[in-house]
Amino acid sequence: MAPKLERFVSPGKGNGLRAAASIRRGELLVSTEPLACCVSKKLVREVCHHCFTRLETLLRCSQCKTARYCNITCQKQAWSVHKRECKCLRGLLPRFPTDSVRLAARLIFLSPSSSSSEQLYTLDEHESHLTSMPEQKKQGLSQLASMLELYLHEEVPDLTQESKVHPSCREALSLVAKVVCNCFTITDGELQESGVGLYPSLSLLNHDCRPNCMMVFEGTKVQLRAVQDISPGEELTISYIESLSLTEDRQRQLEDQYRFTCHCQRCDSEDKCKHRFSLIHLPDWTALVEHCSHLLSAAGGEVPDENLYKLRITDMALDASIHLQRWEEAMRYGVKTLPVYRLYYPDPHPVHGIQLMRVGKLQHYLEHIEEALDTFKQAYEVLKLTHGDDHPVMTDLMTRMEECRCEVDHKSSSRH
């Protein structure tokens, strides 16, 4: 346990973590590697299965033809984890297991005598919520448990009788349920999903839709930072879900996945959304950006910019414009999102900081240098607190800021 944190029983929530001393905004509280992790199924060809770096070209495991690595060094370092998984993947081809099944299997492959496996005892403290779960949800988890047993068959024919498996991992359904409830989505520096992982030292953190702490990843390592000043005795919270959602959508997701109803201040005080938009399935990026443009034009000034549906459509138009390399259009959509991002992601929030950096890159590319420098400065004020000065994202940001300063100075001297 980190020096300034202590475990306690949180009323109505079970176990939790609270501050044992005063904590400053931006302070690093925990930095830890996962007990187990795996690359997301949809990204298995794009992300290194060891260090989680995203690259266009990766080496492929010659045996399972699935795992991919940056280089021989990553492949060798991953072999102690991958060697049993490799055999299971080969035995299941052409099918491929879900993220939760592969993550559960990696827990099973931990040796009971290893130092890492000692953390598995913490899984015994977490609820599977199977007894309170709707039958339909339980059936879905039962199918995952069956898939886990099928996936493991080559290596662990009978999970319940396997002496080399940690006792907390011998019941497939319970293990899968705990993995689903306690795993974290691992993201890259720009907060794009790259995988899932289990971090036992952080699984005691409870949820709030406007939390006082944030998790930021560097590779597979997670850093927990305070984004508010926290007093001794105050509970530390994170958001389990994407917070840019309507209250009813957030509560539905929390109930479905984590089996509780959120009664945080934000949930109890937010108004219902009055304006909704319908998006249709579109065949390509061009059709998508045109459809989004039509919806935004039709909404006009009648629908406020802070409407969540309008913001989502603007974000989709931004993504589509970038994909189509329509940079001016992308910058226009990006700039429009910034005041709304600040509203829904109060500073310091990493999502707002990354959006500022994203817009700054567009402004810089289009030679709006002064605007880009100002946007990068705003991003710096946020990200220095959420990511810390040593994070690779901050290194990239400071390099871009310096480039803008040099270009501004050169332009100024040219005038004289």
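The legends below describe an overall view and several close-up views of a predicted model.

Residues are numbered from 1 along each chain as its sequence is written, and side-chain values use heavy atoms, with hydrogens and water left out. In this predicted model, local features need pLDDT of at least 70 and side-chain atom pairs count only at pLDDT 80 or more, whereas totals for chains, interfaces and linings use all residues.

View 1. Helices (H or I, at least four residues) and strands (E, at least two) are DSSP runs, numbered from the N terminus. Along the principal axes, the C-alpha atoms fill a box of roughly 80 × 50 × 45 Å. Buried residues, 50% of the 416, are those under 20% relative accessible area, while exposed means over 50% and partly exposed lies in between (1.4 Å probe, protein chains only). Of the contacts with a separation of 6 or more, 63% are between residues 24 or more positions apart, where contact means heavy atoms within 4.5 Å.

**View 2. Strands β4, β8 and β7 form an open antiparallel sheet, in the order β4-β8-β7.** β4 (36-39) and β7 (184-187) stand at the edges, each with a single partner strand, so one side of each is left without a neighbour in the sheet. Neighbouring strands are turned by 30 degrees against each other on average, direction ignored. Strands count as paired if DSSP finds at least two bridges between them; four bridges join β4 to β8, and β7 pairs with β8 (residues 193-198) over four bridges. Cys-38 has Val-196 in β8 as its bridge partner, while Phe-184 stands opposite Gly-197 in β8. From β4, Ala-36 and Cys-38 point one way and Cys-37 and Val-39 the other, and all are buried.

**View 3. Helix α2 (residues 99-108) lies across β4 and β8.** The helix runs at about 145 degrees to β4, with axes being lines fitted to C-alpha atoms, for helices over the stretch in contact, and angles running from 0 to 180 degrees between N-to-C directions. Because 10 of the 10 residues of α2 are buried, the helix is largely enclosed by the rest of the structure. Its buried residues include Asp-99, Arg-102 and Arg-106 as well as Val-101, Leu-103 and Leu-107. The elements covering them include β4, α1 (72-92), α3 (135-152), α4 (172-182) and β8.

**View 4. Leu-130 lies in the loop between α2 and α3.** Leu-130 is buried, with a relative accessible area of 14%. Leaving aside neighbours within four places in sequence, Leu-130 is in contact with Lys-138, Leu-141, Leu-173, Ser-174 and Ala-177. Gly-189, by contrast, is 59 residues from Leu-130 in sequence and 35 Å from it in space, C-alpha to C-alpha.

**View 5. Strands β3, β11 and β10 make an open sheet of three strands, ordered β3-β11-β10, with antiparallel pairing.** The edge strands β3 (28-32) and β10 (213-218) each pair on one side only, and the twist averages 20 degrees from one strand to the next. β3 and β11 (residues 221-226) are paired over four bridges, with Val-30 having Leu-224 in β11 as its bridge partner.

**View 6. Arg-259 and Gln-325 have positive phi values although neither is a glycine.** Arg-259, with phi of about 65 degrees, is in the loop between α5 (247-258) and α6 (265-269), and at 18% relative accessibility it counts as buried. Gln-325, whose phi is near 60 degrees, is in the loop between α8 (308-323) and α9 and is exposed, with a relative accessible area of 56%.
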